[in-house]
Amino acid sequence: MKKFASILALAVIFAAQAASAQTLKTVKDRGSLNCGSNGTLAGFGLPDAQGNWTGLDVDLCRAIAAAIFDDPAKVKFVALTAKDRFTALQSGEVDLLARNTTWTSSRDTSLGLNFTGVNYYDGQGFIVRKALKVNSALELNGASVCVQQGTTTELNLADYFRANKMQVKTVTFATSSESVKAYDAGRCDAYTTDASGLYGERLRLANAADHIILPEIISKEPLGPAVRHGDDQWFDIVKWVHFAMIDAEELNITSKNISEMLKSDNPEIKRMVGTEGNFGEQLGLSKDWVVRIVKHVGNYGEVFERNVGQGSLLKIDRGLNRLWNKGGIQYAPPVR
Amino acid sequence: MSTDLSAGSAPARVAFYNDPRIRSIGYQIALCAVIVVLVYGAVTNAIEHLQRAHIASGFGFWNNNAGFDIGQTLIEYSSQSSTYGRAFWVGLLNTLLVAGIGIVFATVLGFVIGISRLSKNWLLSKTAGGYVETIRNIPLLLQLLFWYNAVLKALPDMRDSIAVPGGAFLNNRGLFLPLPIFKTGFGAVEIALVVGVIGFIVFAIWARKRQEQTGRQAPVVSVSLALVIALPLAVLALERFPLGFEFPQAGRFNITGGIEVLPEFAALLFGLSIYTAAFIAEVVRAGILAVSSGQVEAAYSLGLRPRPTLRLIVVPQAMRVIIPPLTSQYLNLTKNSTLAVAIGYPDLVQVFTGTVLNQTGQAVEVVAITMLVYLTISLVTSLLMNIYNSRIALVER
């Protein structure tokens, strides 16, 4: 791990194109998108035994590849740990970071990167053994808690126990799988990460039914993709691919009805599918960029349900991630 | 004639660029210049790119509030009020702790196994040989994971802790020992200990001088035991045992109070000591075999018994061969302690190049500091070993 960090640090030193404004051109010339993703989190980024990646973040990368190449398979996924992810983006090893990363002010300002939006509104929670008979995180005074290194989770944990005048013993591991394994082996009383992650990690425990997720959500964790500073065109593309997926859901444009939508008379839909205006070309993409995204990957709702919602093993309620007009806070500016 | 003579005695005139001395200086200046240009280029390039990419740089983060907890702290540390700089020291001390104790364990174990391997007892020497061949041929990382998982899986849960007689507990959260608390009056015991140690040193020097002059031996072992152990114990009894213990107590979730030995620490310590001991055993064996058998035969023919032969003839000569490779084993152990990151022990790499690097995002500075620290630790270790080596080296007259 240390070696990897050192190499990346050296790469930062010598990288000549680190802040280049040519990401789209580089991606097109290369013929594929390099996407930094989580390699171990069910629902967000996880390769199966055949090496097929699935997840909410994975599908965002596929959507961008679809918009550029009309082919969602032209993505090379790079599995990154929480610790190494920013260095990998800074050094240019990946074109974007879509790895359930919390948007914070210090990350946005001092790491040389820009968050493009929020593709999952999350919050931090705890999982404990049912046998402990704990019903609230406020009863965890004196507990040992396993946590992954280099995350906002690590900081929130210290803050939460401090604010509630409780003692905590943290046991820190470099990767989430090590943390979960140690929790499963009884090294810790609780494991903490983003609530969405808890649902995913619970599937990996030896006996998932013996564990409960506590009701407290102790932090705001807006998870979103990030790109390097200094390339506004690329920033716009990543931002608007995400917005387009939300707008598509709002207008009920789905992967199933996309061919009918091309014949629609609704001006909003016509602008989206490119039968009116040239909004895709303004971004540096093609006129039918939204068609490509929705045809190959789907709209935001489809992607959500398939990866983390009712169509998945996680069965997470959409909650905050419903559209703004359905009781949630997912909201996208219009394409026009 | 005279001109011929002067021409013959003066050095042959060569062009200055063919003068080997000037040439070698020239090459060295050129090499230095290349290195300076490369370093300057790398540093300015890094600064320029960090600025262009709006990545924070500099060492200002050192005094910022850390805000995260660390599992094992030898000095006072809290997420609330401590800085990244403090976290660095916590990590460094944890590294030094495991490396220091590991070096002692590995040395003792390595010497025992190395000597056992030369034993005439077939079972003992084959066992030692099997140990060395097995341990040094399995990657250290795998051994650490084995120890960590073996330690974790084999020990019972907190609620079924093994109660060790004397108030200690053992479970999968670690080993919990009673913490001695010194009450008033303990100062006298400390003074007695210091007096005892000084007395022992004085006695040892006197005994050595007397032996050199008269050949008579003094009972150094029994006198040292009396001075260093019996004297403080006697004072302790006189002061009516001014010593209390804080016993570990089972709480709602964890055992609190007392001294806590983390399973991560134990696994790392076992793994490093056992792995390095295999290499040290080979170093020791080679060192002893390097002393020619004629030396032992000569000692026996002078009437020395086996024990003094080993102590006075074999070991001092073997040490000259052992020390240099032993130094590199110590350095290896210290550097290998960075594998702590795999099992969650909060050493310097885990705390500093792990959490601090990630929370500040200043990879270049943090990695540079860490590399400097390991370089310093290694240089200091090697300096101390070199001093010791020059003291025991063969003095040629």
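Which residues have the most contacts inside the largest nonpolar core? They are A:I64, A:V241, A:I293 and B:L268, in a core of 160 residues. A nonpolar core is here a set of buried Ala, Val, Leu, Ile, Met, Phe, Trp, Tyr and Cys residues joined through C-beta atoms within 7 Å. A residue is buried if 20 or more other C-beta atoms lie within 10 Å of its own, exposed if 12 or fewer, and partly exposed in between, with C-beta atoms placed from the backbone.

Helix α8 (residues 263–289) of chain B gives the most to this core, namely 15 residues. A second, separate core has six residues, among them B:F169, B:L175, B:F176 and B:L177. Leaving aside neighbours within four places in sequence, A:I293 is in contact with A:A63, A:A66, A:A67, A:V241, A:A244 and A:M245; two residues are in contact if their C-beta atoms, placed from the backbone, lie within 7 Å.

**Model and confidence**

This is a predicted model, in which local features need pLDDT of at least 70 and side-chain atom pairs count only at pLDDT 80 or more, while totals for chains, interfaces and linings use all residues. Residues are numbered from 1 along each chain as its sequence is written, and chains are lettered from A and ligands numbered from 1 in the order in which they are written. The predictor assigns the complex an ipTM of 0.77 and a pTM of 0.80. The table gives pLDDT, the predictor's confidence in each residue, from 0 to 100.

| Chain | Average pLDDT | Residues scoring at least 70 |
|---|---|---|
| Chain A | pLDDT 90 | 94% |
| Chain B | pLDDT 87 | 96% |

Over residues 15–19 of chain A the pLDDT is below 50, and this stretch has 16 contacts in the model beyond near neighbours in sequence.

**Chain A**

Chain A has 14 helices and 13 strands; helices (H or I, at least four residues) and strands (E, at least two) are DSSP runs, numbered from the N terminus. The radius of gyration of chain A is 20 Å, close to the 20 Å that the globule rule gives for 336 residues, so chain A is as compact as a globular protein of that length. That radius is taken over C-alpha atoms, and the globule rule is 2.2 Å times the number of residues to the power 0.38. Of the 336 residues in chain A, 56% are buried. Among contacts in chain A between residues at least 6 apart in sequence, 72% join residues at least 24 apart.

Domain bounds come from an automatic or database domain assignment. Chain A is divided into domain 1 (2–121 + 222–326) and domain 2 (124–219). The centres of these two domains of chain A, taken over C-alpha atoms, are separated by 29 Å. Their contact takes 15 residues from domain 1 of chain A and 15 residues from domain 2 of chain A.

**Chain B and the interface**

Chain B is divided into domain 1 (2–51) and domain 2 (84–178 + 247–392), with 46 Å between the domain centres, taken over C-alpha atoms. B:P324 lies in helix α10 (residues 306–336) of chain B and counts as partly exposed, because it has 13 C-beta neighbours inside 10 Å.

The contact between the chains takes 45 residues from chain A and 39 residues from chain B. On the side of chain A that touches chain B, the largest share, eight residues, comes from α1(A).
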